[in-house]
Amino acid sequence: MTDASIAPTAQPAQAAGVRLGASGNGDRIYRWITTGMALVIPILLVLIAWEVFSGAWPALRKFGFSFLTSSQWDAVNGKFGAAPAIFGTLVSSLIALIIAVPLAVGVAIFLSEFAPTWIRQPVAFLVDLLAAIPSVVYGLWGILVLVPFLRVTIIPFIKDTLHLGSFPLFAGPAYGYGMLAAGLILAIMILPYISAVTREVLLAVPRSQREAALALGATRWEMIWDAVLPYARSGIIGGVILGLGRALGETMAVTMVIGNRPEISASLFAPGYTMASVIANEFSEATNDLHISALMAVGAVLFLLTIVVNMIARWLVWRMGREQGG
Amino acid sequence: MSTASISSPSPRRPASSRSYRDMLAASTARTLTRRRIMSYVMVALTYGAALVATLPLIFILSHLVKEGASSVSWNFFTKIPKSVGETGGGMANAIAGTGILVLFASLLGLPVGIGAGLFLAEQRGTRLATVVRFLSDVLNGLPSIVLGIFGWQVLVRPFRHYSAMAGAVALAAMMIPLVTRATEEMIRLVPVSMREAALALGYSKWRTSLSVVLRTALPGIVTGALVAVARIAGETAPLIFTALGNQFWSVSPTQPIAALPMQIYIYATTPYDDLHAQAWAGALVLIGLVLVISLAARYVTRSRFGLGGD
């Protein structure tokens with residue numbers, strides 16, 4: 001492109017033929033090297049997929065489709081069904097989304113529309129900082145602060161003060177460890193991702209959209225609700241799904257607070273398992289090949305699930321960007 | 001919208017135009033008040049959301065400082081863990097281990113990430129670049145535990161023992177997409193005129209790319225690399241069954257190695273109070289490390305060579 005127009009002017013300077021040839025080789029080598037580095041990424045991804053799926057194959061062949069539907073996870077008797085882990089992953093992520101999405105969108109609206117200028121930077125910094133905290137630190141805080149707090153204060157309050165203990169959603173003993181703790185921790189962890197994407201998307205909504213709404217007599221909230229949010233909708237949904245992708249794959253913090261028990265229960269307080277936590281918890285202690293293979297099969301399911309979820313998210317964000325450009 | 005009620009004519013004819021106007025005025029005032037109150041409430045709720053969203057961070061950090069500060073001592077940085085039951089000891093081996101894991105992961109991940117980023121920026125429109133960019137996002141979205149399985153399959157299973165190298169490979173796979181995208185974005189920020197000026201002066205394309213474009217973008221790339229380092233330094237999941245952890249001093253790449261986040265995980269899941277104290281101290285040191293790297297990243301971008309300033 002640009003070098004074509006430049007080449008004629010550059011020619012007199014490159015009178016020395018040897019140097020010209022050398023630089024031609026240099027260009028070729030440089031191009032090979034960068035192309036090679038770029039090719040590492042697809043090769044790596046194929047290799048990861050190959051290793052995970054080939055490792056998962058023995059278990060998938062033995063259990064077939066029932067691997068996904070059976071709720072029996074019994075390492076001693078060599079029976080493996082991933083249903084409790086799949087259930088736990090989906091439910092804990094769902095809880096996290098229910099808590100995090102309104103908060104994250106609220107924060108993003110606050111930061112992009114309403115916040116006084118002086119508070120904008122500090123709040124944005126603090127929310128971004130949530131994403132910088134390592135997962136294991138969330139887990140540590142979860143085990144030693146959140147779980148005891150749930151056990152001693154929140155769960156007794158719901159059961160005894162509000163008398164909701166007979167609902168299946170709140171049934172069972174108060175361990176503290178369980179779905180609720182996992183969902184809460186996940187909500188804190190995905191909040192910065194959702195809010196960052198939402199904020200960017202809101203900032204991309206044209207000023208004229210807001211001004212038109214205000215000029216028609218809309219209140220500030222009506223401007224957001226009727227003019228800004230519909231415009232930003234697909235981008236925000238993309239951000240939410242990106243957050244979901246994080247939540248589905250999140251390992252350490254969840255492993256530390258979910259209670260690690262392969263059961264399916266309707267109760268928020270019951271211990272559970274997620275796909276990532278079953279792998280983290282059992283992999284290095286797995287004794288036989290079938291157990292390892294079953295754990296890899298769980299990894300393969302997780303792999304596919306997160307890829308699909310991330311693709312949907314990217315597509316939505318990309319579509320938002322394109323609509324705006326066109 | 002509710003404004004529609006103002007302009008739409010009433011279906012019933014009013015008895016007298018005067019009372020109709022009064023009624024209309026009254027109802028408009030009522031809706032307007034309702035809409036204003038609604039607006040105030042919702043705006044207040046977004047303020048509330050900002051408050052609630054920042055509270056967990058403040059809780060976690062304050063707890064961390066309170067619990068961690070009392071346990072961080074000289075011994076913490078210089079001693080290795082005592083055996084279970086004995087008090088005292090530190091995490092010297094885990095701190096060194098994290099350093100070594102990050103170093104090896106960077107040696108593997110940075111050249112690939114920067115090279116791929118150069119490729120994506122310079123071959124922007126090509127089909128290969130589009131595919132690589134997309135797959136890099138896919139890789140970025142993979143759960144870190146899956147990368148742990150990959151590291152185990154490639155470097156633990158064939159050699160029949162856990163090793164620091166296997167952990168570093170898993171971390172490098174995490175790092176590559178982060179560095180790639182950061183590099184690509186930074187190189188795109190370099191004005192085309194700089195490239196053109198260098199080419200016009202007779203520089204070959206590769207020298208232009210390396211000593212003009214890459215050099216101009218370097219602070220931004222360093223920032224991207226530091227962000228990636230901060231991210232992998234806190235990772236636990238890919239290490240549990242690759243690097244495994246080690247109670248003793250080891251810096252060998254072929255042996256199991258300790259890492260700060262893993263040590264926190266192990267201590268946090270025991271029932272012992274003094275190990276919990278150690279875990280808090282470890283978490284404080286880890287957060288400190290991550291924050292120092294992140295701040296360094298910000299500082300580099302602001303330095304005088306940076307593009308970030310404008």
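Which residues have the most contacts inside the largest nonpolar core? In this predicted model, they are A:Ala181, A:Ile185, A:Val257 and A:Val298. The core holds 201 residues. Helix H7 of chain A, residues 179-203, gives the most to this core, with 18 residues. In soluble globular proteins, nonpolar side chains tend to be buried together.

A:Ile185 shows what such contacts look like in detail. Leaving aside neighbours within four places in sequence, A:Ile185 is in contact with A:Tyr138, A:Gly142 and A:Leu146, and also with A:Ala253, A:Val254 and A:Val257.

A:Ile258 was examined next. A:Ile258 sits in the loop between H10 and H11 of chain A. A:Ile258 counts as buried because 30 C-beta neighbours lie inside 10 Å. A:Ile258 and A:Val147 are 111 residues apart along the chain, and their C-alpha atoms are separated by 9.5 Å.

Two residues of chain A were examined for their backbone angles. Most residues other than glycine have a negative phi, and most peptide bonds are trans. A:Asn260 is not a glycine, yet has a positive phi of about 45°. A:Asn260 lies in the loop between helix H10 (252-257) and helix H11 (275-282) of chain A. With 20 C-beta neighbours inside 10 Å, A:Asn260 counts as buried. A:His163 also has a positive phi, near 55°, and is a residue other than glycine. A:His163 is found in the loop between helix H6 (135-161) and H7 of chain A. A:His163 is exposed, because 10 other C-beta atoms lie within 10 Å.

Helix packing was then examined. Two packed helices are described by the angle between their axes and the distance between the axes. In chain A, helix H4 (residues 83-114) packs with helix H9 (residues 220-249) at an angle of about 140°. The axes are 10 Å apart. That angle makes H4(A) oblique to H9(A). The crossing of H4(A) and H9(A) is right-handed. H4(A) brings A:Thr89, A:Ser93, A:Ala96, A:Leu97, A:Ala100, A:Val101, A:Val105, A:Ile109 and A:Glu113 to the contact. H9(A) brings A:Ile224, A:Ile236, A:Val240, A:Gly243, A:Leu244, A:Ala247 and A:Leu248. By class, this contact has 12 nonpolar, three polar and one charged residues.

Chain B has a pair with the helix labels H4 and H9. Helix H4 (residues 92-122) and helix H9 (residues 205-233) of chain B pack at an angle of about 140°, with axes 10 Å apart. That makes H4(B) oblique to H9(B). Their crossing is right-handed. On H4(B), the contact residues are B:Thr98, B:Val102, B:Ala105, B:Ser106, B:Leu110, B:Ile114, B:Leu118 and B:Glu122. They meet B:Ser209, B:Leu214, B:Ile221, B:Ala225, B:Val229, B:Ile232 and B:Ala233 in H9(B). These residues divide into 11 nonpolar, three polar and one charged.

Another pair in chain B is formed by helix H5 (residues 127-141) and helix H7 (residues 164-189). H5(B) and H7(B) pack at an angle of about 135°, with their axes 8 Å apart. The two helices are therefore oblique to each other. Their crossing is left-handed. H5(B) contributes B:Ser136, B:Asp137, B:Leu139 and B:Asn140 to the contact, and H7(B) contributes B:Ile176, B:Pro177, B:Leu178, B:Thr180 and B:Arg181. The contact has four nonpolar, three polar and two charged residues.

The last part concerns the contact between the chains. Chain B supplies 76 residues and chain A supplies 75 residues. On the side of chain B that touches chain A, the largest share, 18 residues, comes from helix H2 (residues 17-69) of chain B. That side divides into 51 nonpolar, 19 polar and six charged residues.

B:Val290 has contacts in both chains. B:Val290 lies in helix H11 (residues 273-302) of chain B. B:Val290 is buried, with 20 other C-beta atoms within 10 Å. Apart from neighbours within four places in sequence, B:Val290 is in contact with A:Ala132 and A:Pro134, and with B:Ala230, B:Ala233 and B:Gly234. B:Val290 and B:Ser39 are 251 residues apart in sequence and 40 Å apart in space, C-alpha to C-alpha.

Notes
Residues numbered from 1 in each chain as written. Chains lettered and ligands numbered in written order. Predicted model: local features only at pLDDT ≥ 70, side-chain atom pairs only at ≥ 80, totals over all residues. Axes fitted to C-alpha atoms, helices over the stretch in contact; angles between N-to-C directions. Helix = DSSP H or I, 4+ residues; strand = E, 2+ residues; numbered from the N terminus. Parallel < 35°, antiparallel > 145°, perpendicular 65-115°, else oblique. Left-handed = near helix turned anticlockwise from the far one by under 90°. Contact = placed C-beta atoms within 7 Å. Nonpolar A, V, L, I, M, F, W, Y, C, P; charged D, E, K, R; others polar. Core = buried A, V, L, I, M, F, W, Y, C linked by C-beta atoms within 7 Å. Buried ≥ 20, exposed ≤ 12 C-beta atoms within 10 Å, placed from the backbone.
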